[in-house]
Amino acid sequence: MSVRLFSASINGIDAQLIEVEVDSTPGLHAFNIVGLPDKAVQESKERIASAIRSNGLIPPSAKHKKIIINLAPADIRKEGPAYDLPIAVGYLLETGQVKFNTEDKIFLGELSLNGAIKPVNGVLSAAILSKNLGLKEIFIPTANTGEASIVGDIKVFGVSTITELIEHLSGIRPLKPVKYKIPGPTVSKDDGEAFRLIKGQETAKHALMVAAAGGHNILMSGPPGSGKTLLAKALADLMPDLSFPEAIEVTRIYSSMGLVNGSSLMSERPFRSPHHTTSAPAMVGGGTNPKPGEISLSHRGILFLDELPEFPRHVLESLREPLEEGVITVSRAAGSIRLPAKFTLVGAMNPCPCGNYGEPRANCVCSPMNIIHYRKKISGPLLDRIDIQINVPRETATTTHEPMSVKKFNEIREKIASARAIQLARFKNSKIFTNAEISYRNIDKWCQLEPEAEKLLQSAVASKSLSFRAYHKIKKLSRTIADLESSELIKPQHVAEAISLKINEKLLGEGN
Ligand SMILES: Nc1ncnc2c1ncn2[C@@H]1O[C@H](COP(=O)(O)OP(=O)(O)O)[C@@H](O)[C@H]1O
Ligand SMILES: [Mg+2]
């Protein structure tokens with residue numbers, strides 16, 4: 001006789017259905033797992049035996065049986081400890097220690113030696129897959145129920161020990177399915193203190209507002225101490241909360257890394273600021289069992305790269321694909337996987353190695369060659385992909401500025417939120433949420449310029465010999481600027497502002 005039950009494997013952030021077959025024949029005791037298991041799966045034998053024994057059930061070694069476990073499909077590598085639970089349950093079923101219908105259920109969980117069930121990665125994706133396949137019940141570690149319950153239309157059972165699960169399955173002590181708890185009103189991200197306390201820097205603040213409204217990338221160049229890091233962090237205050245579909249995307253990524261931490265839906269936009277010594281796989285994702293990197297962990301949020309030219313060239317160049325496509329393709333021995341990576345890039349850099357180039361009140365000691373070399377670290381194609389490029393000059397500390405009032409700050413947030421709402425309505429039946437994501441194909445459909453505005457843009461293109469990409473970026477930026485004013489048509493003043501945000505002669509000047 002043999003039994004079959006379902007589990008799931010996680011590849012990148014996507015789940016795939018795995019069948020766990022258990023077959024036994026009388027004979028000398030053996031317990032073998034086949035179907036491309038990795039070391040962690042092989043070792044599950046020991047955990048399962050011990051967990052079953054400590055829960056008062058009969059372990060494999062006490063049965064005079066040759067037991068074989070097959071994990072299908074056989075050509076997918078099975079990694080990690082999440083198969084412990086389905087294998088253990090399959091064994092108990094095969095040896096008649098429990099009886100239930102396996103067809104509509106799926107199991108994931110790691111066992112500890114005493115039978116306790118420990119959390120695993122990727123439960124949200126597994127739950128989405130199970131629901132799509134029409135399965136009715138998912139059995140997972142108690143710590144993972146928050147993320148799985150988001151899915152709905154599938155009963156989520158959190159189990160903390162193997163005994164608890166067996167008692168439920170045999171109807172002795174049924175468990176209650178876990179209901180989705182709507183997260184309480186998000187503790188409003190303070191009152192924007194980081195943003196409000198920035199003195200002066202009106203141009204930069206306005207640029208941040210446009211970036212937050214349309215999801216545009218931004219590069220800030222300025223001398224040390226001018227407040228670039230401060231401004232980048234303040235952008236997080238301006239970003240609106242995640243919409244529900246966005247939150248699901250983000251939660252899936254964090255779930256695949258086991259980073260959801262017991263809560264359910266992640267409602268705040270991610271803010272990641274990896275150091276320039278971060279390795280390429282940690283940045284873009286990868287490894288033998290490919291894991292999302294920083295760029296995917298900042299999906300739908302901010303990726304802040306401070307001291308941009310200090311990042312190794314190959315790391316910066318690998319950002320080009322995700323900046324364009326919103327996904328990263330990671331290659332591995334057994335094919336390649338695609339991971340979502342739609343982030344708002346915020347870069348900060350000094351204008352030259354000493355940092356004083358172009359500052360009226362300071363002397364730059366760098367040679368022109370040095371400056372060229374420094375700026376060349378950020379390639380033209382990468383620069384081309386950054387919508388907003390601004391200078392952040394040093395503000396004099398003596399200037400007295402009142403901090404921005406909470407009322408004024410809330411007005412700005414509301415303006416951004418309404419610009420985002422306009423975009424959500426515009427992109428209702430497409431898969432995008434912001435103007436920054438508009439593809440070249442749809443640019444004319446969604447970014448209609450008044451004839452005068454088009455003329456202005458054309459003359460800028462001619463006089464500055466702009467690339468097609470830059471031309472499109474300016475159109476998208478002017479779309480956002482018009483949305484901030486709730487203007488359906490894009491007018492000349494919107495284009496003029498977009499040009500000033502995108503074209504930075506100082507940055508483009510020498511070197512690029
Ligand atoms: N416009 C400003 N308003 C208030 N504080 C500022 C401003 N600019 C800089 N600072 C302060 O000066 C210090 C240096 O700023 P920082 O953002 O680290 O500069 P940078 O990243 O450009 O080198 C920080 O303590 C910051 O809080
Ligand atoms: Mg800094």
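In this predicted model, 17 residues of domain 1 meet 19 residues of domain 2 through contacts. On the side of domain 1 that touches domain 2, the elements giving two or more residues are strand 1 (2-11), helix 3 (123-132) and helix 4 (145-148). Helix 3 gives the most to that side, with 3 residues. The division of the chain places domain 1 at 2-169 and domain 2 at 193-508. Taken over C-alpha atoms, the centres of the two domains are separated by 43 Å.

**The chain as a whole**

The chain has 512 residues, of which 45% are buried. Its secondary structure consists of 21 helices and 18 strands. Along the principal axes, the C-alpha atoms fill a box of roughly 85 × 45 × 45 Å. Among contacts with a separation of 6 or more, 74% are between residues 24 or more positions apart.

**The largest nonpolar core**

The largest nonpolar core contains 127 residues, and A88, L208, V210 and L235 touch the most other members. Helix 7 (residues 202-214) supplies the largest share of this core, with 8 residues. Because domain 1 (2-169) and domain 2 (193-508) both give residues to the core, it lies between them. In soluble globular proteins, nonpolar side chains tend to be buried together.

For V210, the contacts beyond its neighbours within four places in sequence are H216, I388, L477, T480, I481, L484 and L501. A88 is found among the buried residues of helix 2. In helix 2 (residues 84-94), 11 of its 11 residues are buried. These include D84 and E94 as well as L85, I87, V89, L92 and L93. Helix 2 is followed by G96, which has a positive phi near 70 degrees.

| Helix pair | Axis separation | Angle |
|---|---|---|
| Helix 7 and helix 8 (residues 228-238) | within 10 Å | roughly 45 degrees |
| Helix 16 (residues 406-426) and helix 19 (residues 468-484) | 8 Å | about 120 degrees |

The axes of helix 7 and helix 8 cross at roughly 45 degrees, and the two helices are therefore oblique to each other. Helix 7 passes helix 8 in a right-handed crossing. Helix 7 contributes A204, L208, M209, A211 and A212 to the contact, while helix 8 contributes L231, A234, L235 and L238. Two of these residues, L208 and L235, are also among those that touch the most other members of the largest nonpolar core.

Helix 16 likewise passes helix 19 in a right-handed crossing. On helix 16 the contact is made by K415, A419, I422 and Q423, and on helix 19 by T480, D483 and L484.

**A buried loop residue**

D387 is located in the loop between helix 15 (380-384) and strand 18 (388-391). This residue counts as buried because it has 29 C-beta neighbours inside 10 Å, where 20 or more are required. Not counting residues up to four places away in sequence, D387 touches H216, N217, A436, K473, K476, L477 and K502. D387 and G301 are 86 residues apart along the chain, and their C-alpha atoms are separated by 16 Å.

Methods. Residues numbered from 1 in each chain as written. Chains lettered and ligands numbered in written order. Predicted model: local features only at pLDDT ≥ 70, side-chain atom pairs only at ≥ 80, totals over all residues. Core = buried A, V, L, I, M, F, W, Y, C linked by C-beta atoms within 7 Å. Buried ≥ 20, exposed ≤ 12 C-beta atoms within 10 Å, placed from the backbone. Helix = DSSP H or I, 4+ residues; strand = E, 2+ residues; numbered from the N terminus. Domains from an automatic or database assignment. Contact = placed C-beta atoms within 7 Å. Axes fitted to C-alpha atoms, helices over the stretch in contact; angles between N-to-C directions. Parallel < 35°, antiparallel > 145°, perpendicular 65-115°, else oblique. Left-handed = near helix turned anticlockwise from the far one by under 90°.
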